[in-house]
Amino acid sequence: MSNTEVIVIGSGIGGLSCAALLAHYGIEVIVVESHSIPGGAAHAFERNGYKFESGPSLYSGLSYTPSPNPLRQVLDAIGEDLPCVNYDTWGCYLPEGNFDTQVGAEQFCQVLQQLRGEKAVAEWRKLQEIMQPLGKSAIALPPAALRYDLGAVLTVGKFAPALLQQATNVIKLTGSFANIIDGVITDPFIRNWLDLLCFLLSGLPANGTIAAEVAFMFADWYRPGVQLDYPLGGSGAIVDALVRGLTKNGGELILNAHVEKVLVENNRAVGVSLRNGQEIKASKAVVSNASVWDTLKLIPSGALPKGYVEKQANTPECDSFMHLHLGIDATGLPENLGVHYIVVNDWQKGINAPQNVILISIPSVLDSSLAPAGKHVIHVYTPGNEPYKIWQGIERNSAEYKSLKQERGEVMWQALERIIPDIRSRCEVNLVGTPLTHGRFLRRHHGSYGPGIVAGKGLFPGATTPLPGLLCCGDSTFPGIGLPAVAASGMMAANTIVPVQQHLQLLNKII
């Protein structure tokens, strides 16, 4: 039996952020990861010299400090650098036509002028006027200040003057983003565009996305001189930086360590039991970075109140993914090939309709280290719009599975052919991932993108649970599915565990 102060279940970005901060605070911490690779949905892997990202590919707020991005704040706290290359443009293949667009305000207005005319431009500028103070409000209280005990009076109190100035706007941020745009945006293209942005942020359209998420994005993407970031080495570089921050301060990461259950003694979480029979005890806390549904599977029956279990088990879920990971011969491809493309097939189906939105990432355009010389690495995926029920019960090695992979993967090939028409003849590595792949490698319930909690119809539960000693972090605890949200959740869990004075010292360092 091993002993430590805190055990973190899972090495996703939320779990690693929590653990790396705890190690920085001087807390003994062990991260147990079921997979052979750390990083959860952000893990990277290599095939035949091609380095692939399993998940996120669009990053911002990582290349400068101070930054409102909680992940950058975690890296600043643990003293880890993350070299990035900057860009500002991505390609759009939409029902209205194909065009490149940029972060920042002006270029999109030019696109609107061409596609929709002056009235649409005026509506967009009006929305920007409304979002500017809301964006300031969204970043007035950094997640780094939050903790789930009475110490929050002191840590949040540091930002009380800014919060009081923004009080009216803060209330607006708690509702649906649709409440903000209704009455302002009538142009159907802009409404569709905003639904798309919301879907990429939360897995839900505008009427289901909390306004604070969109306001945070506006504050970052539409500030003067804005650029997007791509970390050299991709998402794997982010994972490596967090692992370095963990281990250099005495923390430990154990791979191939599958947790069978959380140990509960005297109505308190006191450790974990691994599949290999090993037990690890934790004197301060157990933090689960597993999803809400997967965490419940680890808790002994009766250790949590029945009502809490039922509510958590019924948390609505976003759909899953289809993935294409391709290594290709880049001979003769245009030099101006973009790093990202968004394809929408039909606005009328709804932005979250199955296989309606396809994202394409070609990160080797920016970082040549990801592919052999003269090659490119490509990741195509349907972002949280692949229903799990289509795949449920199918054997992974069966002919039925192989056939369904080919059938459901075709929409990704077709999207990619709009950019690289001869893509199928260029492939040297061809990997297809499904919801079953997603669930298997990430230990994700139904391979889900994460909770689909609709704004105004439910709250994210935060880090604490009714079981003393058990905390949670990750996409099941804080609004937003992307890296900033899960890093914020890890910070909040870590800060709740440590004394408030240490937390205040950290705030002085990074804010």
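## Surroundings of Gly-12

Leaving aside residues up to four places away in sequence, Gly-12 touches Gly-39, Gly-40 and Asn-289, where contact means heavy atoms within 4.5 Å. Gly-12 lies in the loop between strand E1 (2-9) and helix H1 (13-25); helices (H or I, at least four residues) and strands (E, at least two) are DSSP runs, numbered from the N terminus. Because its relative accessibility is 12%, Gly-12 counts as buried, a word used for residues under 20% relative accessible area with a 1.4 Å probe and protein chains only, while exposed is over 50% and partly exposed is in between.

## About the model

This is a predicted model, in which local features need pLDDT of at least 70 and side-chain atom pairs count only at pLDDT 80 or more, whereas totals for chains, interfaces and linings use all residues. Residues are numbered from 1 along each chain as its sequence is written, and side-chain values use heavy atoms, with hydrogens and water left out.

## The whole protein

The protein has 18 helices and 18 strands, and buried residues make up 59% of its 511 residues. Among contacts between residues at least 6 apart in sequence, 72% join residues at least 24 apart. The C-alpha atoms fill a box of roughly 65 × 60 × 40 Å, taken along the principal axes.

## A contact between two helices

The contact of helix H2 (residues 70-78) with helix H17 (residues 483-497) is made by Pro-70, Leu-71, Gln-73 and Val-74 of H2 and, on the H17 side, by Leu-483, Pro-484, Ala-487, Ala-488 and Met-491.

Notes: Axes are lines fitted to C-alpha atoms, for helices over the stretch in contact, and angles run from 0 to 180 degrees between N-to-C directions.
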